Amino acid sequence: MEEPLFIEDKSKDNKALDYKFLRSQGIHFIQELAGGFWTDFNEHDPGVTILEQVCYAITDLAYRTDFKIQDHLFNAKDDDQAFLLPHQILPCNAITLTDFRKLIIDNVFEVKNVWFDPVRSEINSLNGLYRILLDIDKGVRLNKDKQEVIEKVKNVFCANRNMCEDIEEIHVLKHMS
């Protein structure tokens, strides 16, 4: 015969599950490290609020570590993944200027070659600006078609750029006859 399951009334020895203990230890360490610089350890202090959030996160993680792996992997919705997909958590965006060159050449077929010229900070106070030089196919002759190529290059760059990177200008190089 199976024995009935009951909630244990005695607490576990895992200190990570004890929020009050973690908070008091955190306050104790802050008092030791801050000395006389930080004297207000009440609940309204922003530093104590951050400490309380960290303590809550630690207790939540400690609680979840006791779950079986099946509980972490199970997902009640059939249409949703239990984990993020690799392309969501391991992005491989362009990082170097060579990466950007390859990206534009691969995605804008009218571009035969492209060069990125970083704008020096002495000329412009902003970092991360680029002057882009395009060598486009000889078949693209009309200004309207050249503007479309410039827009395609702009769109590819802006969709893959890193934070604080932008285009100052794009020049289409003229072919020598």
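**Notebook: sheet, rings and charges**

I began with the sheet: an open one of three strands, in the order β1-β2-β3, with mixed pairing. I counted two strands as paired if DSSP finds at least two bridges between them. Strands (E, at least two residues) and helices (H or I, at least four) are DSSP runs, numbered from the N terminus. β1 (111-118) and β3 (166-172) are the edge strands with a single partner strand each, so one side of each has no neighbour in the sheet. On average, neighbouring strands are turned by 25° against each other, direction ignored.

I noted where all this comes from. This is a predicted model, in which local features need pLDDT of at least 70 and side-chain atom pairs count only at pLDDT 80 or more, while totals for chains, interfaces and linings use all residues. Residues are numbered from 1 along each chain as its sequence is written, and side-chain values use heavy atoms, with hydrogens and water left out.

**Entry: β1, β2 and the helices**

I looked up how β1 meets β2 (residues 129-136). The two run antiparallel, joined by seven bridges. F116 stands opposite I132 in β2. Helix α5 (residues 97-107) packs on the sheet and touches β1 and β2. Contact here means heavy atoms within 4.5 Å. The direction of α5 makes about 150° with that of β1. Such angles run from 0 to 180 degrees between N-to-C directions, with axes fitted to C-alpha atoms, for helices over the stretch in contact. Helix α6 (residues 143-160) lies across β1, β2 and β3, at about 150° to β3.

**Entry: aromatic rings**

How many aromatic pairs does a search of the whole structure find? I got six. Rings of Phe, Tyr and Trp (its six-membered ring) pair if their centres lie within 6.5 Å; planes under 30 degrees apart are stacked, over 60 edge-to-face, and the rest tilted. The rings of F116 and Y130 have centres 5.8 Å apart and planes at 90°, so this pair is edge-to-face. F116 is in strand β1 and Y130 in strand β2, so the pair ties together parts 14 residues apart in sequence. Are F116 and Y130 buried or exposed? Both are buried. Buried means under 20% relative accessible area, exposed over 50%, and partly exposed in between (1.4 Å probe, protein chains only). F116 and Y130 also belong to one aromatic cluster with F100 and F157.

**Entry: salt bridges**

I counted eight salt bridges. Each needs a side-chain nitrogen of Lys or Arg within 4 Å of a carboxyl oxygen of Asp or Glu. E52 and R23 meet in one (2.9 Å, N to O). This pair links distant parts of the chain: E52 is in helix α2 (residues 46-65) and R23 in helix α1 (residues 19-34), 29 residues apart. E52 counts as buried, at 17% relative accessibility.

R131 pairs with E168, the closest N and O atoms being 3.1 Å apart. R131 lies in strand β2 and E168 in strand β3, so the pair ties together parts 37 residues apart in sequence. E168 is partly exposed, at 33%.

Inside helix α6, E151 and K154 sit three residues apart, about one turn of the helix. Their side chains form a salt bridge (3.7 Å, N to O). E151 is partly exposed, at 39% relative accessibility. Salt bridges that share partners join D117, R131, E168 and E169 into one network.

**Entry: a loop residue**

I checked C164, in the loop between α6 and β3. Its phi is near 70°, a positive value in a residue other than glycine. Most residues other than glycine have a negative phi. C164 is exposed, with a relative accessible area of 62%.
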